[in-house]
Amino acid sequence: MAKKVLVVDDEKMIVKGLRFSLEQDGMDVDCAYDGEEALTAIKQNTYDVVLLDVMLPKFSGFDVCQQVREFSDVPIIMLTAKGEDMDKILGLEYGADDYITKPFNILEVKARIKAIMRRSSKREAKKQENSSIRMFGDMKVDIDSRRVFIDEKEVNLTVKEFDLLELLMNNPNKVYSREKLLNDVWGYEYLGDVRTVDVHVRRLREKIEKIPSEPKFIHTKWGVGYYFQA
């Protein structure tokens with residue numbers, strides 16, 4: 001999926017140049033030309049990074065950054081025509097993640113954007129790793145409370161259905177044979193038929209997949225077993 005960037009600057013030629021260069025790198029770019037427009041865009045959309053000029057009509061870049069931090073942790077790179085250290089420090093104190101001084105080299109801008117995105121991705125991965133809440137598209141799984149939600153609506157899973165989902169979910173793209181699932185989920189002492197696994201997978205798909213015959217989460221590796229695609 002293309003990374004989504006918001007470019008905010010009242011100098012239309014700068015916006016045009018940034019937009020062209022970033023789109024050449026496959027990014028999806030929105031534009032805003034004043035602080036008010038920027039705030040509206042950030043509230044209404046999800047961005048991977050915001051390039052935010054300091055000197056803007058209506059609200060300054062610092063004002064925008066401060067207000068955005070009240071509801072979003074989207075990465076923000078400040079663009080400033082001034083080179084004074086105080087401006088740079090002030091921008092970071094208001095919640096900016098980085099700054100670039102004008103005039104800038106577009107290659108530097110791209111490098112900063114990619115670095116910010118990498119750090120953001122690592123933070124999100126770490127946050128999810130330490131949280132009991134796991135998100136997979138429209139499915140939310142709360143490990144601690146053993147609850148599952150699809151499009152924010154709770155679906156009721158049996159104990160074994162949840163155990164099966166949790167095992168596959170915690171080992172994405174790892175293919176499990178039916179025998180292995182029977183042992184790991186039901187236990188070595190279980191003497192049931194491996195078709196028990198098939199039945200539970202079918203019921204689980206009926207509960208968490210929008211189109212069970214075309215599963216998005218739990219897939220079949222024909223002749224081998226099942227796996228979870230994150």
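Two strands are taken as paired if DSSP finds at least two bridges between them. In this predicted model, strand β8 (residues 147-150) and β9 run antiparallel and are joined by three bridges. Within this pairing, Val155 of β9 is the bridge partner of Val148. Helix α6 (residues 159-169) packs on the sheet and touches β6, β7 (139-142) and β8, its direction making about 105 degrees with that of β7. Helix α8 (residues 195-208) also packs on the sheet, where its contacts are with β7, β8 and β9; the angle between its direction and that of β8 is about 50 degrees.

The sheet as a whole is open and consists of four strands in the order β6-β7-β8-β9, with antiparallel pairing. Because β6 (133-136) and β9 (153-155) stand at the edges with a single partner strand each, one side of each is left without a neighbour in the sheet. From one strand to the next, the twist averages 25 degrees.

Helix α7 (residues 178-186) contains the buried residues Leu181, Leu182, Val185 and Trp186. Viewed down the axis of α7, these buried residues fall within an arc of 100 degrees and therefore line one face of the helix. An α-helix has 3.6 residues a turn, so residues three or four places apart point the same way. The buried residues of α7 pack against α6, α8 and β11 (225-228). Just after α7, Gly187 adopts a positive phi of about 100 degrees.

Salt bridges in the model number 23. One of them joins Lys4 to Asp30, with the closest N and O atoms 3.3 Å apart. Since Lys4 lies in strand β1 (residues 4-8) and Asp30 in strand β2 (residues 28-32), this pair ties together parts that are 26 residues apart in sequence. Lys4 counts as buried, at 18% relative accessibility, whereas Asp30, at 23%, counts as partly exposed.

A further salt bridge is formed by Lys58 and Glu36, whose closest N and O atoms are 3.1 Å apart. Lys58 is located in the loop between β3 (49-53) and α3 (61-68) and Glu36 in helix α2 (residues 35-44), so the pair connects parts 22 residues apart in sequence. Lys58 is exposed, at 60% relative accessibility, and Glu36 is partly exposed, at 40%.

The side chains of Asp97 and Arg69 also meet in a salt bridge, at 3.0 Å from N to O. Both residues are in loops, Asp97 between α4 (85-93) and β5 (98-101) and Arg69 between α3 and β4 (76-80), and the pair links distant parts of the chain, 28 residues apart. Finally, a network of salt bridges links Asp9, Glu11, Asp53 and Lys102.

Definitions and conventions:
Residues numbered from 1 in each chain as written. Predicted model: local features only at pLDDT ≥ 70, side-chain atom pairs only at ≥ 80, totals over all residues. Heavy atoms only, no water. Helix = DSSP H or I, 4+ residues; strand = E, 2+ residues; numbered from the N terminus. Axes fitted to C-alpha atoms, helices over the stretch in contact; angles between N-to-C directions. Contact = heavy atoms within 4.5 Å. Buried < 20%, exposed > 50% of the residue type's maximum accessible area, 1.4 Å probe, protein only. Arc of directions from axis to C-beta. Salt bridge = Lys/Arg side-chain N within 4 Å of Asp/Glu carboxyl O.
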